[in-house]
Amino acid sequence: WQTENGGLLPSLQSALPFLDLHGTPRLEFHQSVLLLVHVFRYKKLEDLLEKSFSLVKMPSIQPVVMCVMKHLPKVPEKKLKLVMADKDLYKACAVEVKRQIWQDNQALFGDEVSPLLKQYILEKENILFSSDISVLHNFFSPSPKTRRQGEVVQKLTQMIGKNVKLYDMVLQFLRTLFLRTRNVHYCTLRAELLMSLHDLEINEICSVDPCHKFTWCLDACIREKFVDNKRARELQGFLDGVKKGQEQVLGDLSMILCDPFAINTLALSTIRHLQDLVGQDTLPRESPDLLLLLRMLSLGQGAWDMIDSQVFKEPKMEAELITKFLPMLMSFVVDDHTFNVDQKLPSEEKGPIPYPSTIPEVFTKFLQENRIACEIGLYYILHITKQRNKNAFLRLLPALVETFSDLAFSDVFLHLLTGNLTLLGDEFALEEFCTSLFDGFFLTACSRKENVHRHVLRLLLHLHHKVAPAKLESLQKALEPTKQSGETVKELYNQLTEKLELRKPSPAEATETPSMELPLPAVPTPASR
């Protein structure tokens with residue numbers, strides 16, 4: 001009788017002794033299984049719902065009602081309204097039922113999604129302002145697959161399920177918020193959400209999102225942090241394949257390309273291409289792969305304008321970007337090669353060639369007026385910093401004070417720059433280097449941009465022991481928070497002050513043993529170098 005009526009699958013027979021080991025009574029197990037079995041076997045779930053719904057407030061009956069609703073492909077409208085009107089019932093019902101409620105209640109769905117979106121933005125900003133400054137582990141280190149395992153993406157994926165209407169609503173929320181705030185992390189979430197549904201093979205949604213294949217291909221490039229020739233051609237095929245009358249898809253593609261992870265990949269690939277072109281004696285305009293990277297950068301950087309104006313066409317590329325700016329960047333690469341070769345020559349063959357210290361005025365002008373030039377210029381500066389090329393860094397640094405839309409003071413750039421500067425740690429003992437970096441760049445914006453103030457304090461908390469004491473003292477004064485400063489700045493400043501206090505020798509120690517008993521090795525001054 002048990003075998004016939006117990007609803008036990010053959011696979012469950014072997015599992016029962018396991019439950020016995022855990023002290024779970026067979027009665028308890030059979031009750032829960034039978035309850036479910038009867039629910040599934042009930043031919044008319046609607047009838048069962050109708051009969052049981054009036055008792056939904058009873059604790060013993062409520063799970064049955066919820067289970068019935070969960071397995072009904074379409075819960076009657078009347079019942080959904082009753083659930084929606086009762087906070088406790090709404091909270092208790094399964095996500096499958098909530099989806100049916102949400103799809104006709106955008107405001108309610110918005111209330112559920114909104115805290116998740118805020119949490120997502122906060123998580124991204126916390127990484128950018130992290131106290132761990134490293135060139136190896138930065139904002140862009142996690143792989144795309146790791147990122148989309150994050151709590152917010154997983155929760156949104158579960159809330160959407162296979163419901164195209166809810167997916168479209170989330171995309172609409174992201175577009176609206178991106179327009180309202182210009183915050184590019186919403187673009188990242190747009191791509192991560194689609195790829196999370198792709199991982200779960202939710203074809204009901206992926207097949208109707210026109211960006212799916214493009215995003216999938218770009219995702220592979222982001223994973224490699226490089227756009228190879230094969231994928232470049234695939235991406236170009238998608239862009240060229242946008243048919244007349246379907247131009248609106250460009251708005252979504254531009255948002256996918258505006259994701260900082262996409263921009264990072266495109267910009268790194270551009271710098272790599274430029275270096276290759278120098279070795280091949282080829283001009284930028286002769287490289288189709290480079291032109292495609294610029295086309296995608298341009299589309300990504302133009303996302304906000306395109307969605308705002310609702311004019312869906314690719315932004316026009318300025319010819320001078322290709323004919324003047326990029327060759328100028330290549331000439332900087334050549335300057336470095338020439339200088340390095342010259343340094344390696346025997347001293348009798350060496351001419352007194354100093355490192356070029358000036359930058360062409362047109363370079364600064366490009367960084368101020370052309371968004372794509374500015375983005376590539378900033379990534380070139382990150383590249384030379386990572387190479388520990390102090391000369392090139394100090395030469396180009398003055399161009400960063402005024403850039404297009406203050407891009408040089410954006411969180412993503414400053415996060416990467418502070419990480420790369422740890423490689424030049426020893427240079428912080430030199431007055432000239434610190435004056436150029438802090439007085440000439442950081443401090444020009446600290447008072448008007450709190451995020452810059454935060455990044456400088458992060459950097460000093462990490463490298464204060466490398467900075468010459470006199471310079472550190474003047475920086476401490478310059479960075480003192482004002483009444484208008486936020487709590488985070490004040491907290492960081494207090495942390496720095498505490499660290500510097502710990503480094504100061506006590507008066508007794510200072511008189512007895514001037515240098516031996518310092519908590520940290522004395523930093524050499526420029527004169528002693």
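Where is the place of Arg448? I found Arg448 in the loop between helix 27 (431-446) and helix 28 (450-463). Helices here are DSSP runs of H or I with at least four residues, numbered from the N terminus.

A note on the ground rules before I go on. I am working with a predicted model, where local features need pLDDT of at least 70 and side-chain atom pairs count only at pLDDT 80 or more, while totals for chains, interfaces and linings use all residues. Residues are numbered from 1 along each chain as its sequence is written, and side-chain values use heavy atoms, with hydrogens and water left out.

**Arg448**
Leaving aside neighbours within four places in sequence, I see Arg448 in contact (heavy atoms within 4.5 Å) with Asp406 and Phe409. The side chains of Arg448 and Asp406 are joined by a polar contact of 2.9 Å. That term stands for a pair of N or O atoms within 3.5 Å; within protein, one must be able to donate a hydrogen and the other to accept it, and residues adjacent in sequence count only if both atoms are side-chain atoms.

**Helix 24 and Arg388**
I checked the length of helix 24 (371-386). Its 16 residues should span 22 Å at 1.5 Å a residue, and the end C-alpha atoms are 23 Å apart, which agrees. The expected span is 1.5 Å times one less than the number of residues. Of the 16 residues, 13 are buried, so helix 24 is largely enclosed by the rest of the structure. At its start, a side-chain oxygen of Asn370 comes to within 3.0 Å of the backbone nitrogen of Ile372. Just after helix 24, I noted a positive phi of about 60° at Arg388, which is not a glycine. Arg388 is exposed, with a relative accessible area of 52%.

**Arg182**
Arg182 sits in the loop between helix 13 (164-181) and helix 14 (185-199).

**Helices 9 and 12**
The axes of helix 9 (residues 95-102) and helix 12 (residues 151-160) come within 8 Å and cross at roughly 75°. The two helices are therefore roughly perpendicular to each other, a label for angles of 65 to 115 degrees. I traced the contact to Val95, Arg99 and Trp102 of helix 9 and to Gln158, Met159 and Ile160 of helix 12.

Methods
Buried < 20%, exposed > 50% of the residue type's maximum accessible area, 1.4 Å probe, protein only. Axes fitted to C-alpha atoms, helices over the stretch in contact; angles between N-to-C directions. Parallel < 35°, antiparallel > 145°, perpendicular 65-115°, else oblique.
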